[in-house]
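Please open the model in a viewer and follow the stops below in order.

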Protein chains: 4
Amino acid sequence: MTTVSIVGGSGYGGGELLRLLLGHPHVEIKQATSRSHLGEYIYQVHPNLRKRTQLKFSDPAQLEPVDILFLAQPHGQAQHNIDQLAGLAGKIIDLSADFRLKDLARYQQWYGEPHAAPGWLDKFVYGLPELHRSEISSANYVSGVGCNATASNLALLPLTRAGLIDLEAPVIVEIKVGSSESGAEGNSGSLHAERANVIRTFSPFGHRHTAEVIQELGLKDISLTMTAVDLVRGVLATAHARVKPGVVMKDLWKAYRNVATENPFVRVVKEQRGIYRVPEPKILAGSNYADISFDLDETNGHIVSICAIDNLMKGASGTAVQCMNLMLGLDETTGLEFAGLHPY
Amino acid sequence: MTTVSIVGGSGYGGGELLRLLLGHPHVEIKQATSRSHLGEYIYQVHPNLRKRTQLKFSDPAQLEPVDILFLAQPHGQAQHNIDQLAGLAGKIIDLSADFRLKDLARYQQWYGEPHAAPGWLDKFVYGLPELHRSEISSANYVSGVGCNATASNLALLPLTRAGLIDLEAPVIVEIKVGSSESGAEGNSGSLHAERANVIRTFSPFGHRHTAEVIQELGLKDISLTMTAVDLVRGVLATAHARVKPGVVMKDLWKAYRNVATENPFVRVVKEQRGIYRVPEPKILAGSNYADISFDLDETNGHIVSICAIDNLMKGASGTAVQCMNLMLGLDETTGLEFAGLHPY
Amino acid sequence: MTTVSIVGGSGYGGGELLRLLLGHPHVEIKQATSRSHLGEYIYQVHPNLRKRTQLKFSDPAQLEPVDILFLAQPHGQAQHNIDQLAGLAGKIIDLSADFRLKDLARYQQWYGEPHAAPGWLDKFVYGLPELHRSEISSANYVSGVGCNATASNLALLPLTRAGLIDLEAPVIVEIKVGSSESGAEGNSGSLHAERANVIRTFSPFGHRHTAEVIQELGLKDISLTMTAVDLVRGVLATAHARVKPGVVMKDLWKAYRNVATENPFVRVVKEQRGIYRVPEPKILAGSNYADISFDLDETNGHIVSICAIDNLMKGASGTAVQCMNLMLGLDETTGLEFAGLHPY
Amino acid sequence: MTTVSIVGGSGYGGGELLRLLLGHPHVEIKQATSRSHLGEYIYQVHPNLRKRTQLKFSDPAQLEPVDILFLAQPHGQAQHNIDQLAGLAGKIIDLSADFRLKDLARYQQWYGEPHAAPGWLDKFVYGLPELHRSEISSANYVSGVGCNATASNLALLPLTRAGLIDLEAPVIVEIKVGSSESGAEGNSGSLHAERANVIRTFSPFGHRHTAEVIQELGLKDISLTMTAVDLVRGVLATAHARVKPGVVMKDLWKAYRNVATENPFVRVVKEQRGIYRVPEPKILAGSNYADISFDLDETNGHIVSICAIDNLMKGASGTAVQCMNLMLGLDETTGLEFAGLHPY
């Protein structure tokens, strides 16, 4: 058994990691830390884990050595004690944004402050297996992914990989998100009475996850527009671009199918009948799938490319466990078998 | 024009008062106070009032004299400065629980602490027009009503008024409520990600509003069981009792119709077909109606009596404005004409 | 009193018309027709209207003459008996899509079939007062508006009117909509268990309402992308365009404020703090407001322009009543005073 | 591998069976039938199963022999061809209501028509393992359970088993349910625009599942009151009874803990702090747990006993698979390991 600990286990990302790792056949959880819930049973914070574990939250100051350390803290923390944490485990998977960007200037541009551990940026692999599977397999340090970045990257990946769009041309990604993105702390706008029934375009452009799409896909003129809707888990990215002259539906089918074939968690959803003809996050809650689709307006080359994920799974903890599997040489899908629910 | 001010205008009850009074043809709002939003435009907190008023929240310490003062503060505040407030206005309508109970011992029993202004309890009339219309009409001091108490009182009123149930027998009222009952402050369980999709029985018995049902209807053995559901506005009270021997459907129809006939805001909803056969809060949002219904199991006398209201309207601010109308000799329904929405 | 009748009163648009017209001080409703609910009380279908009217649905074959006829039937019906209907009333307001497009070829292109009454297209004025106030004031025949077209038109109007964008350049409007757009008939995907929690991009481009934006604003390369979200009433249009070189924030503020100043139901919502900083449909349910806002990425001229409306109000029946007010020489806002609700 | 087929695989219960059985390590699915979706891929109807199976729905008239047959048809069908079906499989698990009641007269009383196969009633064991584990283990024919009956039975089981309540005394169970109970066919009231935001007490008493509680627990005077709320999956039963004189909290703790200890899927949830202090269906979606709790008003013996389940899992398909495990001599929890989600 591989021993793992989770730093920051009481947040939503941490809870999802706990759920996945408790059900993982090759892993034993040693500790999950939480300052605010220190000493409480994990199931008192994550009630779905009752009867699954008798573990209590422990003090982050009393972490013991393990094989793999998962960091699920708020952004901006891991970079301050990464040296110390690296002394406790040979492998680290950090779900925060601290080590996602490789370029120091870009980090400072998008996060508005200097990085506290610039020497570590190069050591971390960007942890999206659909982009970096082989590097992750041999890495010791893997960063997590931004959930909105992931939905965007997977919506656009078939197009960039097959060279069907021009990297200089404008790309607009309209992203709709559920409330779990705000985290377990929330704010006044997160109260149910204020957050229910919303369609709230809270960030027209400039969302930090944009930097991850620029870095990973090489797009030069891309904006992410964020809109909150009434849902707890889920992200839908609807990307708008123009294909290169001459690109037709057949090219697109091929490009999307290739990505789905190469990646166990990617599926193409493009049906002519039935209720679920396109990717929808509602059926993905708890699953690690990324469902993708596309449509082309052949009159003007306007392509609409869609990706749906569960932000806490494929957009965070699910992908982190997928990376762990790769790092351990296990089948990529181990412990990530849950299919999602219908109806939901 | 009657001049009014609202103490505590930034909460949900205060916002609803503002909406109603801004649209009231006989009223002019002088001030609305808020410590936390001092100096902000009212429409910055209550965005539905944009283009309706340019008033800003003022300092509660700088209240000026008016004809009527509405108190919309959290419970436990008005009793501490009621003498001072009474110096500013000849008429006061207090939406809080401070002056609802007439019996000092009962107040202490249900609220767990002594009352700070016991001498004022007798001066306030319990502000439910369906129970105390004529007293309210001649009163200077009127208390608000508990929203859950109101749904319970109106569900049971036809039965107690017509003497169809025994006041000593057990009565169970199962109450389902929306999230606006928690107020604009909320708590960790009020976050959308935690509060969405709930069916949460948060109080099996002992809810403070029970005291108002005991006081107003004289029931001796009554419990209110509170369950939160996924809705913002709305209360449904489903009351269970046993009718006296010999009571049949005809008696019930008569009792319920009488209450509806005597009260402009009470309607009997009991249809044999269509979607909306019974009272439902969803179509009452923003309206002052209380919809009631009933069904009788003739094999054992079990009666299920139902009342639906909007907790912020008939359960709070709507009833307060209705009381104001009575106190001013106006038609009871003035400024309360909104019909509610379908669909919603 | 002006006499009016409503053809097709049992749908959602018809129900909203009934609610508005029952509360209108200058109007008397003579008939509301419905084949499927013939003989039923209006309040059995629209339960919010209980105690507001004792009218029953009547037979469309037995319409009597009135001053104004509202047509609230499904698309494709009015064009088949418009001559006959015009014999019953001097003024007609048709909420369907039958007479919105002025160009016969465009109608056929977007609706896929020839028009049954092409001679009538010119007689109808496109019924959006923000675009055609004076023509509507003197018109006898006014068409309704598409809800998604209206959100798009009002999001883009400040830009086109002030000449801030190039009419030839690509414009993408991402539109999020509630379930009431599907109408009272629905389909299998409209069932609550399938439609709850959705983020469903059901139409990437090609939505029929696009034709109304092309016609009214003169945009040459515009697409509407439709996404269903979990809400009953509401549309949010988020429009993406590029401003002309040199356009800065100050120009935009002026353009948006001008539109809001000239139109009683348009408001600019652009706050720096608080929960409601941008337009949101959730606070507009039942109100006739269109809330608009914008943001500019000065690095590349990308403008995001937003408009929120209630699809059944400003997007359909509210605007129809606004047109009626203009046609009757009344104040434009008569009977449309409801402010919307907070919280909701 | 055990071979199984599912008759009626396109409904919600059938879909959940498919999800569970596809993930079950000891089972191979041979056929899933559907008349309305004949020839379609299962994943076109149950989109969560995409990439999990390439099986298509087959014709119920062409069923082949298997080890176990699951019947997931609407009520009233299995009883008409049970002899024929029994010829195809040695073991049958019927999720419908056809073989739940043992008493022919009771069936006729609650279902309003004679039973078509009365000789089979005795052959079926009522399929709730918490009540009949050993009989199920040796049975060939097992009936499913009503979801509302299951929530009620498990809420009351600790009390009846320990003899803490009088079986003759009145028991009221208030049940709140999600929309998936209405099934994939739905009705006009199931449309999202009508069903969203509901608190709809659609059955004050007389629900058919009552018969299962009477049969299984021996309660003489029990009513189930049904209220629909805005949720897709989930049932909460809140049972009201009076304990026998002398019963105190300690007795209750013991009774509830005993049931949880004896049954792997039953948990007691009774916390003093945190958000999730009581059973809530929202965290149970997809899981087979039944969470129970209680509270006692010691002044009058009023006990409130609560049970939360996912109606499609513990209330239907999850319990059916649990029965299958027992019938096959497997660990009861095999294939039912999903923990549920937090947040949701």
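**First stop: a strand pair in chain B**

Select B:Ile172 and find B:Ser223 in β9(B), which stands opposite B:Ile172. The model is predicted: local features need pLDDT of at least 70, side-chain atom pairs count only at pLDDT 80 or more, and totals for chains, interfaces and linings use all residues. Residues are numbered from 1 along each chain as its sequence is written, while chains are lettered from A and ligands numbered from 1 in the order in which they are written.

Next, select strands β7 (residues 170-177) and β9 (residues 221-229) of chain B, which run parallel and are joined by eight bridges. Strands here are DSSP runs of E with at least two residues, and helices are runs of H or I with at least four, numbered from the N terminus. Two strands pair if DSSP finds at least two bridges between them.

Select helices α6 (residues 147-161) and α9 (residues 249-262) of chain A, which pack at an angle of about 120 degrees with axes 9 Å apart. Axes are lines fitted to C-alpha atoms, for helices over the stretch in contact, and angles run from 0 to 180 degrees between N-to-C directions. Among the residues that meet are A:Leu157 in α6(A) and A:Tyr256 in α9(A); contact requires C-beta atoms, placed from the backbone, within 7 Å.

Technical notes:
Two residues are in contact if their C-beta atoms, placed from the backbone, lie within 7 Å.
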